[in-house]
Amino acid sequence: MLPREVNPGRRRPAHHAGHPKRGCISKKNGKTSPLGPVSALNLTPDTRIAGILAPLFALRSRRDLGVGDVGCLRELVDWAADTGFRLVQLLPINETGADNSPYMAVSSAAIEPSTLDITPERVPGLTPEALEEMLAKVNLKQLRTGPAAYSVVKALKLKLLELAFDNFSTTDLSRNTRRARAFRTWVAEQAAWIEGYGLFRVLMDENSVNERWDLWPEEQRTHAAAQGWLARQRGGERKRLDRRVRFYKWVQWVAFNQWEEAKVHAEERGVWLMGDVPFGVSYYSSDVFSEPDLFDLTWSGGAPPEPAFRDEPFVAKWGQNWGVPLYRWDRHRETGFRWWRQRVHLTREIFHLFRIDHILGFYRIFAFPWRPQENAEYLPLSPAQAQARTAGRLPRFLPHDDATEHNRELNRREGEEYLRALLREIGEYRLIGEDLGTVPPYVRPSLTSLGIAGFKIPIWEPKWDGWLIDGADYQRLSLATYATHDHEPLRGWWERRYRAAVSAEPGKAEAWDQMVKLTAFAHMHMPKPEPWSDALHRALLTGLFRGNSWIAVCMITDYFGSDQRFNVPGAVAESNWSERLPYTIEKWREEPELLELAAAVKGILRETGRV
């Protein structure tokens with residue numbers, strides 16, 4: 001049981017009981033999982049399962065409003081259950097800022113409003129007439145095709161939520177109805193984070209929806225100053241601001257209810273939902289604004305240079321500068337890790353388990369003495385020139401590097417202390433650690449000792465002789481996948497190497513060697529380079545699911561065998577975080593070739609013992 005100040009409260013959704021839900025297949029038609037509903041008791045590595053990873057924004061439905069939402073998630077869960085997948089993995093769902101990156105949210109707790117299913121059945125106070133009138137003003141056909149048009153979609157959904165809140169205020173809040181009391185109770189239970197978030201979100205609106213608090217007027221630039229500014233407002237202006245704060249709290253109440261109901265639906269279909277918690281938080285977040293003493297703003301967290309991202313000049317030279325502040329672990333320790341415990345507790349409210357992106361950061365993190373906005377200035381500089389501008393500091397691991405046994409032991413011990421605090425909050429086998437990149441030798445044994453499954457990406461798991469470790473030899477407490485959202489899809493990886501292998505380029509031999517090793521991992525014999533094909537695709541999927549890992553996850557693009565990509569690390573491009581899949585989920589159940597693929601994959605899952 002959490003202390004009162006971090007207790008997110010009830011676990012049962014507080015409204016809409018009994019309403020029909022989009023994408024939900026009711027028990028009346030007998031459409032439940034053949035394996036039965038999931039249970040918290042059987043989520044253990046004893047049973048090997050298969051999962052599908054899909055960015056929510058990329059999903060399409062015939063009824064969506066331009067971006068994937070909770071309604072799409074329900075449809076995905078139903079499809080996954082029917083196809084044999086027992087797990088659906090998503091990217092972070094926290095409220096995003098101007099760049100729309102799910103890994104750079106404006107709050108570690110608040111849910112992104114555009115993920116909401118905006119229908120009268122799902123949003124209290126929204127009338128069919130108001131929805132119809134608002135949708136008549138936009139080009140829905142255009143919104144539902146092409147990439148996510150976030151500026152339009154976010155504005156549209158926020159306006160619909162405002163209309164619903166106006167109605168809710170009149171019909172419920174003013175009369176103190178059961179729903180109004182449920183809302184007020186929830187807000188009181190969430191006070192530890194939602195008070196700071198509500199003020200921060202209103203200040204964003206007051207500053208042209210800009211989360212960069214360091215550019216706000218001086219009287220709003222810190223939490224203490226902003227509280228004083230708010231206290232000085234009088235009359236109608238104060239009422240307007242208070243109502244706006246209440247609106248954003250209400251949106252979060254609606255959001256948590258929708259997501260908790262989606263979790264219940266997944267359980268009924270025999271599917272677990274897996275969330276994603278980034279190690280860092282945005283510099284421009286309500287967390288940093290409200291509790292700056294928990295963060296070290298003088299360093300910017302990231303990752304060291306890696307061969308996988310050598311196509312980006314800055315990343316190849318200096319590494320990835322994510323711009324996230326570092327944690328002041330001494331202050332977190334003093335509070336009993338309250339902030340982190342609250343963060344993972346809220347995540348467990350709506351997901352059965354979750355991965356921590358860059359779990360290596362708990363042990364040590366690569367840090368930059370400059371902000372990402374300055375990357376271009378530092379790209380051409382030598383280390384000595386960079387030091388001249390940073391008072392002698394260069395990018396390095398903090399709090400300690402791994403150069404000595406003493407430092408490695410300090411990093412291991414401190415990392416385990418922080419992770420144990422999280423595990424005490426969420427329970428056994430609920431945390432998956434993304435342990436990719438430059439991994440010190442003590443991390444994976446440490447994660448195993450804590451009962452945390454790490455990642456296995458076949459092409460990065462070589463044996464001593466250079467061949468890839470067979471999936472059958474992976475430890476059970478692990479998650480195997482060919483790619484994450486940051487990596488090139490399997491088909492793109494293969495086709496790039498095929499073009500090199502059949503060319504006269506210098507990299508021909510290396511490309512062919514990599515192709516041979518991957519096909520050997522899948523127990524295939526390929527005497528000469530072959531282009532991508534359905535047979536190759538299915539053989540590679542079989543190779544992944546055949547392994548011993550507890551969870552084997554297929555990226556949605558790897559399931560379809562497409563080369564579509566959702567993010568290129570280090571690149572500033574409109575396509576990042578906005579690409580959507582070409583078909584609606586309804587089409588997955590109608591198109592003959594997609595039905596045939598689903599049947600083939602289900603057969604593979606049966607054959608490999610994951611159904």
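1. Helices α6 and α8 are oblique to each other, the class left over once angles under 35 degrees are taken as roughly parallel, over 145 as roughly antiparallel and 65 to 115 as roughly perpendicular. Helix α6 covers residues 191–206 and helix α8 residues 235–268; they pack at an angle of about 120 degrees, with axes 9 Å apart. Axes are lines fitted to C-alpha atoms, for helices over the stretch in contact, and angles run from 0 to 180 degrees between N-to-C directions. The crossing of α6 past α8 is right-handed, meaning that the near helix is turned clockwise from the far one by less than a right angle.

2. This is a predicted model, in which local features need pLDDT of at least 70 and side-chain atom pairs pLDDT 80 or more, while totals for chains, interfaces and linings use all residues. Residues are numbered from 1 along each chain as its sequence is written, and side-chain values use heavy atoms, without hydrogens and water. Helices (H or I, at least four residues) and strands (E, at least two) are DSSP runs numbered from the N terminus.

3. In the contact of α6 with α8 (heavy atoms within 4.5 Å), the α6 side includes W193, Y197 and R201, and the α8 side includes R244, Y248 and F256. The residues of this contact divide into 8 nonpolar, 2 polar and 8 charged. Here Ala, Val, Leu, Ile, Met, Phe, Trp, Tyr, Cys and Pro count as nonpolar, Asp, Glu, Lys and Arg as charged, and the others, Gly among them, as polar.

4. Helix α4 (residues 150–171) also packs on α8, at about 105 degrees and with axes 10 Å apart; the two are therefore roughly perpendicular. Among the contact residues are L161, F165 and F168 of α4 and R244, F247 and W250 of α8. By class, there are 10 nonpolar, 1 polar and 5 charged residues.

5. The whole structure holds 51 aromatic pairs, counted for rings of Phe, Tyr and Trp (its six-membered ring) with centres within 6.5 Å. The ring centres of W186 and F256 are 5.6 Å apart and the planes at 45 degrees, so this pair is tilted (under 30 degrees is stacked, over 60 edge-to-face). W186 lies in helix α5 (residues 178–189) and F256 in α8, 70 residues apart.

6. An open sheet of 4 strands runs β5-β4-β7-β8 with antiparallel pairing; strands pair if DSSP finds at least two bridges between them. The edge strands are β5 (320–327) and β8 (396–398). Strand β4 (295–303) pairs with β7 (365–368) over 3 bridges, and S300 stands opposite F368 in β7.
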